[in-house]
Amino acid sequence: MSKLLKKDKLKDLLGKLSDTGFITYGPVEKNGTTLFQKVKGDEVLLNFENSSKPPKEILFPQTEKMFDLTIENHRITGTIEVEMPSTPILLLGIRPCDARAIKVLDKLFTWDSIDPYYVNKRERATIISFSCTQPTMPLDSCFCTSVGGGPGSGEGADMLWTDIGDAFLVESLNEKGENILKLGEGIFTDATGDQESSTNAAKQKASDAIIRKLETDGVPEALEAAFDSDYWTEFAQRCLGCGICTLLCPTCHCFDIQDVLANGKGRRERVWDSCQYPYYTMHASGHNPRPEKMFRQRNRVYHKFLYSEKNLGLLGCVGCGRCISGCPVNIDIIEVVEGAKEAMR
Amino acid sequence: MMDFQDFEAKIKSQAKQWLESGEVKFVIGYEKSHDSLIARPVFIHDAKDVDKLYWGPDCISNLTLYLVDEMKKKPKRGEEPFTHAVGIVVKPCDSKTIVELIKENMVPRERVKIIGVATENSINPDKLEAAIKDIPPGKRGGIRFIDDGNKNYIIKYDGGELKVPQEELEADKCKVCITHKPVIHDILVGESNEPFVPDEFEDVKKLEEMTEDQRWNYWKEHLSKCVRCYACRDVCPLCYCEECVFDKEKPFSWNEKSVQLRENTFYHMVRAMHLAGRCVDCGECDRVCPMGIPIREINRFLIKRAKERCKVFSGINVEDKPMFGSYDIDDPGEEIW
Amino acid sequence: MTEISKTDSEWEPKIIGFLCNWCSYTGADLAGTSRLQYPPNIRIIKVMCSGRVNPQFILKAFQEGADGVLVSGCHPGDCHYIEGNYHAKRKLTLTTDLMEFMGVDPKRFQVSWVSASEGKKFAEVVIKFTAQIKELGPQNKLTGGDV
């Protein structure tokens with residue numbers, strides 16, 4: 001049975017969780033931009049447009065130290081492993097699309113070898129999704145319903161909270177969610193059947209409000225056939241070659257590893273990289289297999305809609321629409337994919 | 001009053017004429033797709049496609065960037081150098097970029113055919129998004145604008161229209177625009193009777209009045225958000241280096257890839273210095289920033305200082321000397337020991 | 001080598017000096033051969049001309065932990081390359097302005113004209129600049145220490 005959390009009780013809940021060691025990340029507003037940051041209680045935004053930078057950065061930070069280097073006499077002599085903490089993390093207010101994106105990251109980081117940095121944080125994390133039933137959502141660029149998600153989808157999350165006015169209807173989806181319910185005993189109350197049905201109606205309404213649609217049937221086949229088509233040159237003409245579409249993508253996961261040596265100290269760190277940058281594929285020989293924007297844009301589309309499904313069994317796009325709304329020159333992934341299908345017909 | 005439909009028709013017919021006569025290889029202009037809120041760049045290679053061209057106050061992007069890309073293309077070894085011309089549609093602010101590019105010998109004057117369009121203001125996409133909340137979702141894409149002559153836009157969408165005061169939508173850069181007429185053009189479309197208003201740099205002055213630590217905190221807040229997508233660099237038509245210093249890895253990297261305040265500040269300061277006295281305040285860097293960093297303020301500060309110190313004002317006259325390619329014996333330098 | 005903590009009372013500023021080959025470097029040489037005393041806080045990098053100093057050299061020096069940066073070249077009109085120092089003047093004064101605008105104390109960056117015969121002036125400039133930086137304390141804004 002579903003539970004209920006009064007909005008004014010949220011602070012109590014976060015306080016109680018923080019007493020048991022939880023570090024909470026939630027959406028806050030900073031200079032007009034929504035960001036996911038460490039929060040205490042009051043500053044959490046409850047009604048927000050989705051953040052411009054996806055919350056994947058909490059589990060997979062843009063810049064992450066892998067280990068320290070010991071340096072003696074200007075030579076690297078060894079490494080010092082970073083501590084793997086065990087404090088639990090709470091990710092509050094993740095949009096359903098971003099929660100689904102975490103499933104893609106889960107698969108990727110445990111695919112052929114286990115990535116200790118990601119897995120450590122992932123195991124500690126409890127994800128609380130907010131359904132997109134608030135008036136600010138869905139956005140014009142949202143298309144999650146076309147790629148298997150929905151504004152009320154709990155996939156990838158441990159709990160799903162739905163805004164019903166002065167309270168949240170709380171659905172726990174697994175043991176991690178049950179744990180939160182247990183820790184917040186006395187703060188959550190039981191929900192009535194009426195509230196449950198109004199939640200379902202709100203979810204349905206939000207789902208109907210999503211206008212952008214992408215027909216994914218036949219996309220992999222079309223892409224397989226379209227690899228050498230002139231179509232790609234045409235649409236990539238106006239691409240700037242910036243990294244917005246990939247850096248803001250909740251499922252993009254490429255990173256670059258570098259050693260930073262300064263002031264007698266050193267560290268190895270990994271930093272998000274983007275397949276849109278010319279140096280991404282540059283070989284040591286100087287040869288670049290993707291020398292032009294067209295190849296790089298094509299790779300992005302193929303990765304999302306073909307390679308990801310082949311390799312991980314999941315579509316690489318969750319329909320959050322960030323690449324559409326963020327693109328300075330309106331390269332619209334729905335239009336591009338539909339166009340590829342059209343070009344192959 | 002601006003008759004956008006009329007402008008659009010004139011742009012189309014001029015583009016058609018140039019393409020048919022072979023004077024230009026292609027025309028860079030704006031189109032409006034069904035789903036997009038604002039117009040986007042389009043490349044017309046064939047005279048039969050000119051109907052794609054669009055004009056309206058939502059033609060925001062600075063297209064000269066693509067002009068530079070075309071001019072940078074080199075022929076294969078043994079082939080004749082390229083001489084083809086390119087047609088381009090520009091707003092007054094974009095025309096200043098072309099002046100700057102000609103000054104720096106990036107674009108030969110004879111290789112560009114300019115359709116200059118007089119504009120009084122363009123819109124800010126964020127403000128537009130807020131203003132059209134009343135339009136039902138699904139109908140916000142592909143909207144058209146009409147100037148009603150009383151400083152209002154009539155926004156036409158499928159199934160209705162909406163009246164919005166122009167001032168409410170105006171982009172910040174247009175409020176301090178010094179010319180409503182393209183400074184360089186082959187064909188002029190429309191005309192503007194808006195008076196010339198000198199730029200007083202009020203926004204910059206506000207920052208200058210702060211104390212040093214307030215300014216540092218202001219920039220710290222903003223620059224720590226930067227994700228280093230480099231969109232501000234990639235969109236800038238004056239950032240045309242073959243290899244950017246921030247991409248360079250041999251013999252060493254100037255900047256670590258780590259996204260942290262230290263590297264972000266370095267990036268933004270060096271980027272601004274590279275544009276000092278050259279930037280024409282087209283506002284593209286500011287518009288594309290996904291994290292809302294007021295990049296334009298840094299650029300405008302340097303425009304102001306270049307003007308005060310070195311009497312250099314970019315993008316007005318092709319005969320002017322470029323900022324860093326010239327000097328004046330009387331440049332001030334009181335602080336030098 | 002032990003790192004001296006920046007809050008230490010024994011803190012000594014690190015100053016990077018970009019000196020032009022023809023005037024200021026020779027001037028520094030003259031200061032040395034004339035046995036003039038000046039603080040050892042300055043680390044000198046020889047460049048062929050003050051016009052060679054790219055603003056990003058200065059910012060990089062600050063980023064890597066310099067507390068002050070000094071650029072020194074020939075007097076206006078004396079440049080070995082005729083006009084290099086005029087170009088330097090334009091660029092470097094604007095860099096000072098930008099530092100100020102970003103909230104970094106512009107007093108940390110100094111340009112000076114020192115000719116080959118001005119060993120005494122070079123020593124004076126270094127003494128004055130070192131004292132100025134000592135007063136300002138450690139620079140931790142551009143190094144990322146101030147987060």
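The model is predicted: local features need pLDDT of at least 70, side-chain atom pairs count only at pLDDT 80 or more, and totals for chains, interfaces and linings use all residues. Residues are numbered from 1 along each chain as its sequence is written, chains are lettered from A and ligands numbered from 1 in the order in which they are written, and side-chain values use heavy atoms, with hydrogens and water left out.

Chain B has twelve helices and eight strands. These are DSSP runs (helices H or I, at least four residues; strands E, at least two), numbered from the N terminus. The C-alpha atoms of chain B fill a box of roughly 65 × 55 × 40 Å along the principal axes. Of its 337 residues, 59% are buried. Buried means under 20% relative accessible area, exposed over 50%, and partly exposed in between (1.4 Å probe, protein chains only).

On the side of chain A, 39 residues of chain B are in contact with 37 residues of chain A. Contact means heavy atoms within 4.5 Å. The area buried between the two chains is about 3200 Å², and carbon and sulfur atoms give 50% of it. Buried area is the accessible area (1.4 Å probe) that two parts lose on being put together, summed over both. Five salt bridges cross this interface. A salt bridge is a side-chain nitrogen of Lys or Arg within 4 Å of a carboxyl oxygen of Asp or Glu. B:R40 forms one with A:E335, with the closest N and O atoms 2.7 Å apart. Elements of chain B that give two or more residues to this side include strand 2 (40–44) and helix 8 (212–223).

The interface with chain C buries about 4200 Å², of which carbon and sulfur atoms give 66%. In chain C, C:R90, C:F101 and C:M102 lose the most area to chain B, together 22% of what that side buries. Here 41 residues of chain C are in contact with 48 of chain B. Six salt bridges are counted between chain C and chain B. C:K141 takes part in two salt bridges to chain B. Its partner B:D213 lies at 3.1 Å between the closest N and O atoms. For B:E212 that distance is 3.8 Å. C:K141 lies in the segment after helix 4 of chain C and B:E212 in helix 8 of chain B, so this pair joins two chains. C:K141 counts as buried because its relative accessibility is 14%.

Within chain B, B:K304 forms a salt bridge with B:E208 at 2.7 Å. B:K304 sits in helix 12 (residues 295–310) and B:E208 in helix 7 (residues 202–208), 96 residues apart. B:K304 is buried at 7% relative accessibility, whereas B:E208 is partly exposed at 21%. B:R309 and B:E335 also meet in a salt bridge, at 2.6 Å from N to O. This pair ties together parts that are 26 residues apart in sequence. B:R309 is buried, at 12%, and B:E335 is partly exposed, at 30%. Salt bridges that share partners join B:E208, B:K304, B:R305, B:E308, B:R309, B:E335 and C:D97 into one network.
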